[in-house]
Amino acid sequence: MDDDLRNIILGLVATGISASLGWLARTYLWRRKLRRKQAFFGLPQNAESLLVVNRDPAAGEPAVHRFDVFALLELAALIKDCGANAQVVTQDAVQQGFGERTEFCVGGPSSNRRMAAHMTAMLPGLAIDTDAEPGPERGAFRIGGEHYRMARGTAEHVLLARVTAGGQARPVFLFCGQSAITNQAATRYLARHHERLHRKYGTGSFVLLLKVLNSHAYGPDVVELVADVTRAARTPLPETAAGRAA
């Protein structure tokens with residue numbers, strides 16, 4: 001075997017080894033990223049999850065607002081990426097506790113009784129004005145001593161929360177907004193920032209207050225983080241304020 005042929009063979013072998021090592025490294029990084037994502041969402045391979053949908057109060061009992069449908073589609077994509085399965089159920093058809101399956105609950109307490117139950121059980125420091133009559137306080141949030149009104153189409157708020165009932169329980173994700181488009185904005189924010197949220201909070205609980213800006217022009221895309229309100233949302237309100245929570 002002459003030197004040229006030997007060099008060609010050695011070059012091919014080195015290329016093959018480098019390609020194999022690169023593939024192994026990429027596979028390892030991809031699997032590690034997937035495991036972190038599965039841990040954050042509480043969705044191991046082939047796990048079952050719940051998508052709890054609200055109803056559109058303006059359209060009747062069976063109807064779901066189109067922005068809430070978009071929110072469900074974004075969540076379904078996240079669940080699929082984790083290799084898990086989703087069951088879509090209406091807010092009045094869920095008759096089980098929390099912690100057995102990861103749950104994604106969409107909509108405010110006036111349109112989603114499941115959300116109202118979760119708020120009472122896990123977010124006692126939050127009060128939402130659910131008065132059906134138009135007025136400046138309609139849909140307003142009170143979190144601790146802070147008050148957040150809604151300016152429809154200009155500045156609307158939404159709560160994005162990950163809460164658990166115990167260390168081994170599957171998480172419940174809440175998307176509780178002042179309007180349907182804010183629910184979609186919160187799901188999109190979660191999809192875009194779940195890695196950063198995992199780095200900051202791990203698999204623990206958090207409650208974030210987001211503001212959706214100029215949704216009439218920009219839809220659910222322009223969102224800013226107002227505050228981490230985890231402590232305030234989980235600290236019971238004084239009795240007079242708590243009576244207003246739905």
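Mentor: A residue counts as buried when its relative accessible area is under 20%, as exposed when that area is over 50%, and as partly exposed in between. By that criterion, buried residues make up 44% of the 246 residues in this protein. The model is a predicted one. Its secondary structure comprises seven helices and ten strands. Of the contacts with a separation of 6 or more, 67% are between residues 24 or more positions apart.

I turn now to the helix pair. Two packed helices are described by the angle between their axes and the distance between the axes. Here the partners are helix H2, residues 66–81, and helix H4, residues 180–201; their axes come within 7 Å and cross at roughly 20 degrees. Since angles under 35 degrees count as roughly parallel, H2 is therefore roughly parallel to H4. The crossing of H2 past H4 is left-handed.

The residues at this contact can be named for each helix. H2 contributes Phe 67, Asp 68, Phe 70, Ala 71, Glu 74, Leu 75 and Leu 78. They meet Ala 180, Ile 181, Asn 183, Gln 184, Thr 187, Arg 188, Leu 190, Ala 191 and His 194 in H4. Sorted by class, the contact of H2 with H4 contains nine nonpolar, four polar and three charged residues.

Within helix H2 they are three residues apart, about one turn of the helix. The structure holds eight aromatic pairs. In the pair of Phe 67 and Phe 70, the ring centres are 6.1 Å apart and the planes stand at 75 degrees, so the pair is edge-to-face; the cut-off for that class is over 60 degrees. With a relative accessible area of 17%, Phe 67 is buried, whereas Phe 70, at 33% relative accessibility, counts as partly exposed.

On the H4 side, Thr 182 lies in the helix and, at 0% relative accessibility, is counted as buried. Beyond its neighbours within four places in sequence, Thr 182 contacts Glu 156, His 157, Val 158, Gly 177 and Val 212. Tyr 201 belongs to an aromatic cluster together with Phe 40, Phe 41, Phe 104, Phe 173 and Phe 206.

Pro 171 sits in the loop between strand S7 (155–163) and strand S8 (172–177), and with a relative accessible area of 2% it is buried. Apart from neighbours within four places in sequence, its contacts are Phe 40, Phe 41, Gly 42, Arg 101, Thr 102, Glu 103, Arg 162, Val 163 and Thr 164. Pro 171 and Gly 42 are separated by 129 residues in sequence, yet their C-alpha atoms are 6.2 Å apart in space.

Glu 103, a contact of Pro 171, is also in contact with His 118. His 118 lies in helix H3, residues 113–122, and is buried at a relative accessible area of 2%.

Terms used: Residues numbered from 1 in each chain as written. Predicted model: local features only at pLDDT ≥ 70, side-chain atom pairs only at ≥ 80, totals over all residues. Heavy atoms only, no water. Axes fitted to C-alpha atoms, helices over the stretch in contact; angles between N-to-C directions. Helix = DSSP H or I, 4+ residues; strand = E, 2+ residues; numbered from the N terminus. Parallel < 35°, antiparallel > 145°, perpendicular 65-115°, else oblique. Left-handed = near helix turned anticlockwise from the far one by under 90°. Contact = heavy atoms within 4.5 Å. Nonpolar A, V, L, I, M, F, W, Y, C, P; charged D, E, K, R; others polar. Phe/Tyr/Trp six-rings, centres within 6.5 Å; stacked < 30°, edge-to-face > 60°. Buried < 20%, exposed > 50% of the residue type's maximum accessible area, 1.4 Å probe, protein only.
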